[in-house]
Amino acid sequence: MSCEGCYEHNFVLQTAIHMGRRAWMQCAIAWLDLANAFGSMPHQHIFAMLLEFGMPENFLQLVRELYEGCTTATCSMVGETPKMPIHSGMKQGCPLSPIVFNLAMETLIRAISSGLGDFNLYDNRVNILAYADDLVLIAENPESLQ
């Protein structure tokens with residue numbers, strides 16, 4: 001049965017909290033909301049991650065063309081500032097951005113997952129839930145969460 005990801009994560013989290021209330025089991029949870037996640041993703045990380053995931057060269061070139069050489073300037077009553085290069089951030093409104101962002105986050109999620117203690121949820125090991133830029137870390141105790 002497929003369901004919207006946010007509902008699924010809420011269900012898993014609610015179940016973990018309910019199980020953690022039992023006297024014989026403990027549960028530690030940390031909520032991480034990445035500030036300006038779309039705006040702070042370095043372009044070099046995007047390119048390296050796409051290469052690491054084995055994306056075809058024509059796709060890599062397309063993404064490079066979208067991000068390399070971008071600049072911004074600010075207009076004020078005094079005039080326009082010199083152009084400043086943009087080295088991080090996803091294109092707002094671009095249909096490719098959420099996909100590229102999720103792929104770029106995948107390396108972070110894998111790194112956290114491999115170094116974090118697991119929580120046993122009905123014989124399934126759970127330690128991280130991710131939905132866009134919101135992450136929930138779950139461990140059996142606060143020490144494992146650290």
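Reader: Is Glu 106 buried, partly exposed or exposed, and what is its relative accessible area?
Author: This is a predicted model, in which local features need pLDDT of at least 70 and side-chain atom pairs count only at pLDDT 80 or more, while totals for chains, interfaces and linings use all residues. Residues are numbered from 1 along each chain as its sequence is written, and side-chain values use heavy atoms, with hydrogens and water left out. Buried means a relative accessible area under 20%, exposed means over 50%, and partly exposed lies in between (1.4 Å probe, protein chains only). Glu 106 therefore counts as partly exposed, with a relative accessible area of 26%.

Reader: Which residue forms a salt bridge with Glu 106?
Author: Side chains of opposite charge can pair when their charged atoms come close; the term salt bridge here requires a side-chain nitrogen of Lys or Arg within 4 Å of a carboxyl oxygen of Asp or Glu. With the closest N and O atoms 3.0 Å apart, the partner is Arg 110.

Reader: Which residues of H3 are exposed on the side of the helix away from its buried residues?
Author: The buried residues of H3 are His 43, Ile 46, Phe 47, Met 49 and Leu 50. They cover an arc of only 165° around the axis, taken from the directions from the helix axis to the C-beta atoms, which puts them on the same side of H3. On the other side of H3, the exposed residues are Gln 44, Leu 51 and Glu 52.

Reader: The side chain of His 43 reaches the backbone oxygen of which residue?
Author: His 43 is in helix H3 (residues 43-52) and, at 5% relative accessibility, counts as buried. Leaving aside residues up to four places away in sequence, His 43 touches Tyr 67, Ile 86, His 87, Ser 88 and Gly 89, where contact means heavy atoms within 4.5 Å. At 2.9 Å, the backbone oxygen reached by the side chain belongs to Gly 89.

Reader: How far apart in sequence are the parts tied together by Phe 38 and Phe 101?
Author: Rings of Phe, Tyr and Trp (its six-membered ring) form an aromatic pair if their centres lie within 6.5 Å, with planes under 30 degrees apart counting as stacked, over 60 as edge-to-face and the rest as tilted. The count is one aromatic pair, in which Phe 38 and Phe 101 are tilted, at 4.6 Å centre to centre and 35° between the planes. Phe 38 lies in helix H2 (residues 37-40) and Phe 101 in helix H5, so the pair ties together parts whose separation in sequence is 63 residues.

Reader: What is the phi of Asn 36?
Author: Asn 36 is placed in the loop between strand S1 (28-33) and H2, and at 55% relative accessibility Asn 36 counts as exposed. Most residues other than glycine have a negative phi. Although Asn 36 is not a glycine, its phi is positive, at about 50°.

Technical notes. Helix = DSSP H or I, 4+ residues; strand = E, 2+ residues; numbered from the N terminus. Polar contact = N/O pair within 3.5 Å; in protein donor to acceptor, adjacent residues only side chain to side chain.
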